[in-house]
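User: I'm new to reading structures and would like a close look at one part. Could you walk me through the aromatic rings and their surroundings?

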Amino acid sequence: MDFSWWTWWGLVAVMLIGLGLIGRAAVIAVRRDGIGRARAERGTSARWFWSGIGVLVVAGALLVVWVIALDS
């Protein structure tokens, strides 16, 4: 299998989407509770946080599979 920039940038875009979801959760949590007490994994921001974690896990798994395919 050959390296593809399209695949690489697609994975990077998906990971940036995941980071954006986690960032959105942080903004919601800080607005609601303040910086010192913000909990992104609970409350109204939880769905954004866990969706971001899920997207990053899936993108990471795809990255691992892609690297293994490139290596073989």
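Analyst: Let's start with W8, which is partly exposed because its relative accessible area is 30% (buried means under 20%, exposed over 50% and partly exposed in between, with a 1.4 Å probe and protein chains only). Before going on, know that this is a predicted model, where local features need pLDDT of at least 70, side-chain atom pairs count only at pLDDT 80 or more, and totals for chains, interfaces and linings use all residues. Residues are numbered from 1 along each chain as its sequence is written, and side-chain values use heavy atoms, with hydrogens and water left out.

W8 is found in helix α1 (helices are DSSP runs of H or I, at least four residues, numbered from the N terminus). Setting aside neighbours within four places in sequence, W8 touches F3, L63 and W66, where contact means heavy atoms within 4.5 Å.

Now for the ring pairs. A search of the whole structure turns up 5 aromatic pairs. Here, rings of Phe, Tyr and Trp (its six-membered ring) pair if their centres lie within 6.5 Å; planes under 30 degrees apart are stacked, over 60 edge-to-face, and the rest tilted. One of the pairs is W5 with W9, which is stacked at 6.4 Å centre to centre, with 25° between the planes. Both residues belong to helix α1 (residues 5–33) and are 4 residues apart, about one turn of the helix. An α-helix has 3.6 residues a turn, so residues three or four places apart point the same way. W5 and W9 are both exposed.

F49 and W50 make another kind of pair: edge-to-face, 4.9 Å centre to centre, with 85° between the planes. F49 counts as buried because its relative accessible area is 17%. F49 is also listed among the buried residues of α2, along with A46, G52, A59 and W66, and this buried set packs against α1.

There's one more ring to look at, that of W48. The charged end of R24 sits over that ring, 5.4 Å from its centre; this label needs NZ of Lys or CZ of Arg within 6 Å of the ring centre and within 35 degrees of the ring normal.

Methods: Helices (H or I, at least four residues) and strands (E, at least two) are DSSP runs, numbered from the N terminus.
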